[in-house]
Amino acid sequence: MEGFLSGLSMILDPYMILVIIIGTVGGVLVGILPGLSSTMATALLLPFTVTMEPAAAISLLAALYCAGTYGGSITAILINAPGAPPAAATALDGYPMALRGEAGRALGIATISSCIGGIFSVLVLMVAAPLLARVAYKFGAPEYFALAVFGLSMLASISGQSSVKNLIGGAFGVLISTVGVDFTTSVERFTFGLPELTDGIHFIPVMIGLFGGAELLTQSATLDLIYKRVAAVAVRLPSREDFRKVRGVIARSCGIGTFIGILPAEGGTVAAMIAYNEAKRWSREKDQFGKGAIEGIAGPEAANNAATGGAMVPTLALGIPGSATTAVILGALMVHGLRPGPHLFAEQPHMLYAIFIAMLVANVLFMGLGLVGAKVFARVTLIPRTFLWPSVFVLAVVGSYALSQSLLDVWIMLIFGILGFVLRRYDFSPAPIIMGLILGELVENTLKQSLLIFEHNWLLFFERPIVIVFFVLTVLGLFGATVGRAVFACLRRNTMPGSFEK
Amino acid sequence: MSDRSPADGTKEKGTTPPKAARSFRLRADEAIGAVILVFVAVIIAITTAFDDVPTALSQGIPPEQFPRLISVIIACLAVILIIQARVREEKARKRVPLVTLLTTALLVIYVVLLDWLGTLAAMILFCFALPILWGERRYVWTAVYAILFPLGVYLLFSGVLEVRFPKGVLPALFG
């Protein structure tokens, strides 16, 4: 409670309020703009925040994350193109509703569901993160190693075309993290004689390149795409009847979204997809899904915003990113010299509570902005792409340069931008590379420390119960989906007519 | 080996391409897997050239061990990717449009010019050239944008955030 109150007093500062407002408005805008996601926006914004106080910097990014996740729904409903990936499921029913002339009703449902999902998850975050951090106090190097490996294994099931490609991406990220001077032996690795590389490849230019540069090239390949816009109308608050219809869906989606969010690496996109399927499964009017069912909007929208708070739980409590955007936020914490984990909760509770409260405020604020101004905000999609994307790239260049004032960082950003475009073309997503890069150092250092503790006896890993739990979860993360599909296929075959089993 | 893959592939309806196509054409994922394997080989080769560890620090894992471990994991995953490519249907991909290739070239030129012309001049040129390349024909508006936006960003970063940008080789020569 004391932490909460001191966090609240930090937030009540006019500067902090301004920061949260900027983050929220900015978040809604980038969420709306197709191609610009909160992940890219946080990566682009990160270099700007280096000179800010850590609490203000992280609050800004967190507010942007919450609002950006919501903003995607506005474009999903009005132009059938999710403004951000987590809103992809929202378009399935949102756009048909807009076509029927019910854009205002659809936007109202999306706004309220997003807000409820977001607030629920932040409340869970406030309770769960300190508890999880307390558990993590008992973690030694072997536990952290197992946890980081578990986090990376979850990449197998994040959204994307191929589990194997996601895992390759994650491992590639870990490999990039080994560039520079080896921590324990001071031997230079993969520096190719460049003095700038002795400190390693910084993740900020890599993030900006993979998310910003690659997206610009992707956009250049779709210049002939013309969006059909449905005229934005005033947003309508859901009627009592509508709300009664969706409240069960929202409640379930809050739970699904928060849970999926807490799982390492799994963010709003997966949460929204699962929540959409669940909303459909529980609905009495399944045939209405895809034609404009309000549950089809409420489900994914509550879930993707619920995933924001959820994803912050492992990020802050354990230092393991819960989603792509929280990987960037984790990077921001590290840039500010803060290592998330139990010690952060012990040493800086007021800062963490300030971040939690900032997220709560952002959720309420975007609801207000959405209800009053969605129509106005939607107009940002009229900004010509021919001016928007050069601006993004200019910021990408300046942002990657600004951090260490090194042109090599700009080249790294550019190389990863081009690489990201090529990889995306062949169904590799950028998020696993970032996860690997962020977690790589932790994986290597904890592995080395563990083996020193165990005197190079690998088997001693299996004498620690928490490590065993994480290893089991890792195996489930890697093979769970495949085994599950096989079992499901087997069951379905057995229940087919003509089968001799029941 | 090639006799086995059709049996795996035929389990899923419609996923098996014609036999001839499968045996002669290299699939994208197979090519990617092969490129990754070559990449891994290069990485492992580089790790053999790491400096020797000072004896005082040689207690723990040698510095090349961890990158090698990760490389081997990547290689195993690449082999799985190649195997999967044999049994999965290949996605049709559009050719990369010329404008994307030109955009990539422009990005590279922009970063080269940063060092030559200085940040502001390079930004202005880039902000004019990219919209034109992307089909923007409102030249006056483009010019206005190409001057105001870079100027705003430059002033924000150099003034407020105190970033010292590269001044460029050419302005220094003439200045």
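This is a predicted model: local features need pLDDT of at least 70, side-chain atom pairs count only at pLDDT 80 or more; totals for chains, interfaces and linings use all residues.
Residues are numbered from 1 along each chain as its sequence is written, chains are lettered from A in the order in which they are written, and side-chain values use heavy atoms, with hydrogens and water left out.

**Figure 1. Overview of chain B.** Chain B contains 8 helices and 0 strands, and its elements follow the order α-α-α-α-α-α-α-α from the N terminus. Helices (H or I, at least four residues) and strands (E, at least two) are DSSP runs, numbered from the N terminus. Of the 175 residues of chain B, 33% are classed as buried; buried means under 20% relative accessible area, exposed over 50%, and partly exposed in between (1.4 Å probe, protein chains only). Contacts are defined by heavy atoms within 4.5 Å. Among the contacts in chain B between residues at least 6 apart in sequence, 63% join residues at least 24 apart.

**Figure 2. The interface of chain B and chain A.** At this interface, 67 residues of chain B are in contact with 60 residues of chain A. The two chains bury about 5,500 Å² between them, 80% of it on carbon and sulfur atoms; buried area is the accessible area (1.4 Å probe) that two parts lose on being put together, summed over both. I61(B), F66(B) and W134(B) supply 14% of the area that chain B buries against chain A, more than any other three residues. The interface also holds 12 residue pairs in polar contact, both residues being at pLDDT 80 or more. A polar contact is a pair of N or O atoms within 3.5 Å; within protein, one must be able to donate a hydrogen and the other to accept it, and residues adjacent in sequence count only if both atoms are side-chain atoms. On the side of chain B that touches chain A, at least two residues come from each of α3 (28-47), α4 (65-87), α5 (98-117), α6 (119-133) and α7 (139-160). By class, this side of chain B has 46 nonpolar, 9 polar and 12 charged residues. Ala, Val, Leu, Ile, Met, Phe, Trp, Tyr, Cys and Pro count as nonpolar, Asp, Glu, Lys and Arg as charged, and the others, Gly among them, as polar.

**Figure 3. Salt bridges between the chains.** A salt bridge is a side-chain nitrogen of Lys or Arg within 4 Å of a carboxyl oxygen of Asp or Glu, and 2 are found across the interface of chain B and chain A. In one, K165(A) pairs with D29(B), the closest N and O atoms being 2.8 Å apart. This pair crosses between chains, from helix α8 (residues 163-177) of chain A to helix α3 of chain B. K165(A) is buried, with a relative accessible area of 3%, and D29(B) also counts as buried, at 18%. R93(B) forms a salt bridge with D427(A), with the closest N and O atoms 3.1 Å apart. R93(B) lies in the loop between α4 and α5 of chain B and D427(A) in the loop between α17 (407-425) and α18 of chain A, so the pair joins two chains. R93(B) is partly exposed at 25% relative accessibility, whereas D427(A) is buried at 11%.

**Figure 4. Salt bridges within chain A.** Over all chains, the structure holds 15 salt bridges. K448(A) and D182(A) form one of them, the closest N and O atoms being 2.7 Å apart. K448(A) lies in helix α18 (residues 430-453) and D182(A) in the loop between β1 (180-181) and β2 (188-189), so the pair ties together parts of chain A that are 266 residues apart in sequence. K448(A) is buried, with a relative accessible area of 6%, and D182(A) is buried at 2%. Elsewhere, R100(A), E102(A), R105(A) and D242(A) are linked in a network of salt bridges.

Figure 5. S59(A) belongs to helix α4 (residues 54-79) of chain A and is buried, with a relative accessible area of 0%. Leaving aside its neighbours within four places in sequence, S59(A) is in contact with M16(A), A354(A), I355(A) and A358(A). N277(A) lies in helix α11 (residues 268-282) of chain A and is partly exposed, at 48% relative accessible area. The C-alpha atoms of N277(A) and A89(A) are separated by 9.4 Å, although the two residues are 188 residues apart along the chain.
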